[in-house]
Structure formats: structure tokens, C-alpha cells
Amino acid sequence: MMRNYSIISLLCILVCLQSSSLTLSILDPLDFLALQSIRKTLEDLPGSDFFTSWDFTSDPCGFSGVYCDEDSKKVIALNLGDPRAGAPGLTGRIHPSIGKLSSLAEFSIVPGRIYGILPPSISKLKNLKFLAVSKNFISGAIPDSLSEIPNLRTLDLSYNQLNGSIPSSLGTLPFLSSLILCHNHLTGSLPTFGSQTLTRLDLKHNHLTGLITPSTLPTSLQFLSLSQNNLTGPVDRVLLRLNRLNYLDLSMNRFVGAIPASVFTFPLTNLQLQRNQFTGQIRPLDQVSIPTVDLSHNNFGGQISSMFSSVQNLFLNNNKFIGEVPNVFVDKLMAEGIQILYLQHNFLTRMEIDPTAEIPVSTSLCLQYNCMVPPVQTPCPFNAGTEKARPTTQCMEWRG
């Protein structure tokens, strides 16, 4: 009975489309039915008119967000929602019929209020290369079956309500280049990513735990963000292999141990290691060309290397640095070569700068709470506190 109903439905679709004055070719009937089902579970949020063009008495290849292949008459891309910044987006659920668009290579939904699970039927889309459903309310676990999409290049499920662990099978996808799962509720440890095509890995702001071993991450990575998790252990051996990175953020975890000097030779534009439990001295091999370096709120010690004087935005505050600040930092500050230099809450004893010197307005310098009275008075961040210098007892104990 159901089979007869499906045949009748398809015939009705064909008659309806053929009776209209279309200049375009008729969409594949199976794709037509799939789009109808997808439309039934989604609605425009107030202020959005995305679905206005979705009139099924006309060819769906003309619908907003629907792109078809002229030869096969199949849907190859489905981009749901108004892509303009600030547009209200859509609400509802993703219908399992998405898995019936057999030629689909690209599927995305703009930010909105899509809820429910990500249908496991998506794994039937063997031609899918791009899957992005971010900044919605998708919940549940990441389907393990996504690893059955052999050509997947980009997977972006960021800013949702996903929970559970990251399926280890995702690490086996042979062509995956970008995996973005940040701002969810994911738990467990990082799976091993074996593919050497992976260049972007963004897992920040989850609840991930455990250690990272040298074999966990591929050497192909160029962007790595693991910030705001509960990851632990040393990362020195891991970092030694990742010399292609141009962005690295390991902040707000519980990593320990030393940072290899070679990290400061990587082609990085931003290095974020703050709020961990890193230790040891930092001695870059050469002048550091990374524009922004944040090593604050750790347990680094020893003297500050002059090799950091070429960094535009340098955060070394809340560590255990000792001794004098190299004079080259003063020269760079006065020449406006440094925009931010935060050295507060260390054990520094001297910075040779003229008390009458006028620090350029474009420069932010903070020296509070060291083993010296700041030679110049400069505005500091609110969280630096109000005390100008450390108690003498603390400085004596540290020297002792």
C-alpha cells in the first residue's frame, strides 16, 4: 500500500511540474520529496522570509539555498537560511530525509534555533564534502556514523549543545581538513587524528580531559585551539612536531612542564598559553616575530629574554620572572614598537626608565606588584590590583 502511495505521489509531482510554465528542467522526484519533508520540519524565525520562495508548484532548483546539477537534475548544495549577518535564521528540526539527497556535496544552516539531534541519516550522503550547522541548539551525541562519509572535508558543529565524546572514528576520515566543534559540552579525551590533511582543529570551550600524546595530533595542523578545557599533562613533545602552526591556543587548561624554545620560531601570528601550570625558563633561539604572545598566569621563571622585545603584544604577567627588565624593552616602548607590555605580578627588581619619560599613548605598560616600585606610573588592568609593589618579605623569600 505504501509503495503504491509513493508511486502516486511521484506521478502527481511530475504532472504538477509539467503543467507549469517552467523553462528549467524538472528536479529528480526523490530529491523533490526529500525537500518537501525537510521544509515541513523547519520554519522561519520572526523577521526571516527565507522560505518565501519555497513554492513546490515550481521547480525547487529555483528555491533560495537550493543548488542543482543541470545534468543529473539532483540537489548538490543546500544552504538553509539567510546568510546575511544578523538575519534571524530558522527554527525546527533537521528531517532525516536529508539523507535522501544522494548527490549533496554541501549542507549548511545559518545561525538560528535549530534543535534536536543531528540525523544519523546524514552519513548516507557519500558525496558530502562540507557540513556546517553552527550556532544553533543541536543536542545529543555526534553520530559515529559521520565517519562513513568518505569525502568529508569540513565539519563545523560549533556553538551547539552537543555532548558525549568525540567519536574516535572521525580521526580516520581520509580527507578531513577542518574540524570545528568548539563551544559545546563534549567530554572525554581527544581521539587520535591520523589524517595528514587536517589543518584546522578547533575544540575550545568544551569539557575535554586527559593527556595529549605526540601521536594524537597530525603534523599537518596549521590552526589549533584547545582553550577552556580540562586537559592535563606536558605538551613539549607534542609541540615539537607541530612546526606548521600559524595559530596556537592552549589557554585555560591544566597543562604542565616546559615549552620548547623552537615554538617561538614557528610561523605563528598568535600564541596563547595563559592560565596553565607551565614551568621553567623561556629562552627563544632568536628574535620572536609572533605579533601576540600570552604566557600569563603560569609558573614560568628566570629572567625575561630580550628576544621577546620584538613582540607587539606581550603578556608575561602573573609568573615568577626575576631580575632586571632588559633595556631593549624600554627602547621599543618609547619607539612605539611595543603596544602592550604586561609584567605585573612577578618578582622583577628593576626597569631602567626615566621617571619623567612620557610613555606613548598607544602603548600599555603595567609593572605593578613586583620587587620594585614602578619607575613610572601607568594605568594597569583592573585585575592587577592596587598595590604598587610586593611586600619585602615575599621578595626576600624568593631571593633566598
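A disulfide is a pair of cysteine sulfur atoms within 2.5 Å. On that criterion, a search of the whole structure, which is a predicted model, finds three disulfides.

**Overall form**

The protein chain contains five helices and 27 strands. Its C-alpha trace spans about 90 × 40 × 30 Å along the principal axes. The radius of gyration of the protein chain is 28 Å, whereas a compact globule of 400 residues would have a value near 21 Å. Of the 400 residues, 49% are buried. Taking contacts between residues at least 6 apart in sequence, 41% join residues at least 24 apart.

**N-terminal segment and nonpolar core**

UniProt, in an unreviewed entry, places the feature "domain: Leucine-rich repeat-containing N-terminal plant-type" at residues 31-69. In the model, this span is 26% helix and 15% strand, and its end C-alpha atoms lie 12 Å apart.

The largest nonpolar core has 100 residues, and Leu-78 and Phe-107 are those with the most contacts inside it. Elements giving two or more residues to this core include helix 2 (29-40), strand 3 (75-80), strand 5 (106-109), strand 7 (130-133) and helix 4 (327-334). Helix 2 gives the most, with four residues.

Which residues does Phe-107 touch, not counting residues up to four places away in sequence? Among them are Leu-78 and Leu-80, the isoleucines Ile-94, Ile-98 and Ile-122, and also Leu-128, Phe-130, Leu-131, Ala-132 and Val-133. Phe-107 and Leu-78, the two residues with the most contacts inside the core, therefore touch each other.

**Disulfides**

A disulfide is a covalent bond between the sulfur atoms of two cysteines. With bonded cysteines counted along the chain, the disulfides follow the pattern 1-2, 3-5, 4-6. The table gives the sulfur-sulfur separation of each pair.

| Pair | S to S distance |
|---|---|
| Cys-61 and Cys-68 | 2.2 Å |
| Cys-366 and Cys-380 | 2.1 Å |
| Cys-371 and Cys-395 | 2.1 Å |

The link of Cys-61 and Cys-68 is left-handed, with -105° about the S-S bond. Cys-61 has a relative accessibility of 23% and so counts as partly exposed.

For Cys-366 and Cys-380 the torsion about the S-S bond is about 110°, so this disulfide is right-handed. The pair links distant parts of the chain, 14 residues apart: Cys-366 is in strand 27 (residues 364-366), and Cys-380 is in the loop between strand 27 and helix 5 (392-399). Cys-366 is buried because its relative accessibility is 0%, while Cys-380 is partly exposed at 23%.

The disulfide of Cys-371 and Cys-395 is left-handed because its torsion about the S-S bond is about -100°. Cys-371 is buried, with a relative accessible area of 13%, and Cys-395 is buried at 7% relative accessibility.

Apart from these pairs, Cys-182 has a relative accessible area of 3% and is therefore buried.

**Two serines in loops**

Ser-134 is located in the loop between strand 7 and strand 8 (137-141). Is Ser-134 buried or exposed? Its relative accessibility is 14%, so Ser-134 counts as buried; the cut-off for buried is under 20% relative accessible area. Leaving aside neighbours within four places in sequence, Ser-134 is in contact with Ile-109, Val-110 and Pro-111, and with Asp-156, Ser-158, Tyr-159 and Asn-160.

Ser-296 is located in the loop between strand 21 (292-294) and strand 22 (299-303). Ser-296 is buried because its relative accessible area is 4%. Not counting residues up to four places away in sequence, Ser-296 touches Gln-274 and Arg-275, together with Phe-315, Leu-316, Asn-317, Asn-318 and Asn-319.

Notes: Residues are numbered from 1 along each chain as its sequence is written. This is a predicted model: local features need pLDDT of at least 70, side-chain atom pairs count only at pLDDT 80 or more; totals for chains, interfaces and linings use all residues. Side-chain values use heavy atoms; hydrogens and water are left out. Buried means under 20% relative accessible area, exposed over 50%, partly exposed in between (1.4 Å probe, protein chains only). Contact means heavy atoms within 4.5 Å. A nonpolar core is a set of buried Ala, Val, Leu, Ile, Met, Phe, Trp, Tyr and Cys residues joined through side-chain atoms within 4.5 Å. UniProt positions are given in the numbering used here, feature names are shortened, and annotations may be inferred rather than shown by experiment. The radius of gyration is taken over C-alpha atoms; the globule rule is 2.2 Å times the number of residues to the power 0.38.
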